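Q: Let's go through the labels on this one. For each, I'd like to hear what backs it up.

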Amino acid sequence: MDFGLTGKHILVTGSSDGFGKALACVLSEEGAILTLHDLAFKEDKLQALCAELPNADYVCADLSSP
């Protein structure tokens, strides 16, 4: 299925586990450029996922407050 996401940059929060990880995998298959996000203590999981997905990078941050 083509959702027209090729080349679109998408931030996926909570992407180290569960729904966020699954969503990141689907978006990557659709050709999106991804920035994966989660908290710093999950950085190892983000690094591993980035290694699996083309056009993905990650950032660790607490987005709950400005």
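Q: Why does Lys 42 count as partly exposed?
A: Its relative accessibility is 21%. Buried means under 20% relative accessible area, exposed means over 50%, and partly exposed is what lies in between (1.4 Å probe, protein chains only). So 21% puts Lys 42 in the middle class.

Q: Before going on, what kind of model is this?
A: It's a predicted model, in which local features need pLDDT of at least 70, side-chain atom pairs count only at pLDDT 80 or more, and totals for chains, interfaces and linings use all residues. Numbering runs from 1 along each chain as its sequence is written, and side-chain values use heavy atoms, with hydrogens and water left out.

Q: What makes the contact between Lys 42 and Asp 17 a salt bridge?
A: The term asks for a side-chain nitrogen of Lys or Arg within 4 Å of a carboxyl oxygen of Asp or Glu. Here the closest N and O atoms are 3.2 Å apart, so the pair qualifies. Lys 42 sits in the loop between S2 and H2, and Asp 17 in the loop between strand S1 (9-12) and H1, so the bridge ties together parts that are 25 residues apart in sequence. The helix and strand names come from DSSP runs (helices are H or I, at least four residues; strands are E, at least two), numbered from the N terminus.

Q: How do you know that Asp 17 and Lys 45 form a salt bridge too?
A: Their closest N and O atoms are 2.9 Å apart, so this pair passes the same cut-off. Lys 45 belongs to helix H2 while Asp 17 is in the S1-H1 loop, so parts 28 residues apart in sequence are tied together. Shared partners join Asp 17, Lys 42 and Lys 45 into one network. A search of the whole structure turns up 2 salt bridges.

Q: How do you know that the buried residues of H2 line one face?
A: Helix H2 covers residues 43-52, and Leu 46, Leu 49 and Cys 50 are buried there. Seen down the helix axis, they fall within an arc of 105 degrees, so they line one face; the arc is that of the directions from the axis to the C-beta atoms. The general rule is that an α-helix has 3.6 residues a turn, so residues three or four places apart point the same way. On the face turned away from the buried side of H2 you'll find the exposed residues Asp 44, Ala 51 and Glu 52.

Q: What do the buried residues of H2 pack against?
A: Helix H1 (18-29), strand S2 (33-38) and S3. Contact here means heavy atoms within 4.5 Å.

Q: Why is Ser 28 called buried?
A: With a relative accessible area of 9%, Ser 28 falls below the buried limit, so the label holds. This serine lies in helix H1. Not counting residues up to four places away in sequence, Ser 28 touches Leu 34, Leu 53 and Pro 54.

Q: And Asn 55: buried or exposed?
A: Exposed, with 54% relative accessible area. Asn 55 lies in the loop between H2 and S3, and has a positive phi of about 60 degrees although it is not a glycine. Leaving aside neighbours within four places in sequence, Asn 55 is in contact with Ala 32, Ile 33 and Leu 34.

Q: What makes the nonpolar surface patch?
A: Leu 11, Val 59 and Leu 63, with an area of about 270 Å². Leu 63 is in the segment after strand S3 (56-60) and is exposed at 53%.

Q: Why does the radius of gyration agree with a compact globule?
A: The radius is taken over C-alpha atoms, and the globule rule is 2.2 Å times the number of residues to the power 0.38. With 66 residues, a compact globule would come out near 11 Å, and the protein chain has 11 Å, so the two agree. The chain has 2 helices and 3 strands, in the order β-α-β-α-β. Buried residues make up 29% of its 66 residues.

How values were computed:
Patches are made of residues with over 30% relative accessible area and no salt bridge: like charges are joined within 9 Å, nonpolar side chains (Val, Leu, Ile, Met, Phe, Trp, Tyr) within 5 Å. Accessible areas come from the Shrake-Rupley method with a 1.4 Å probe; for residues, only the protein chains shown count as cover.
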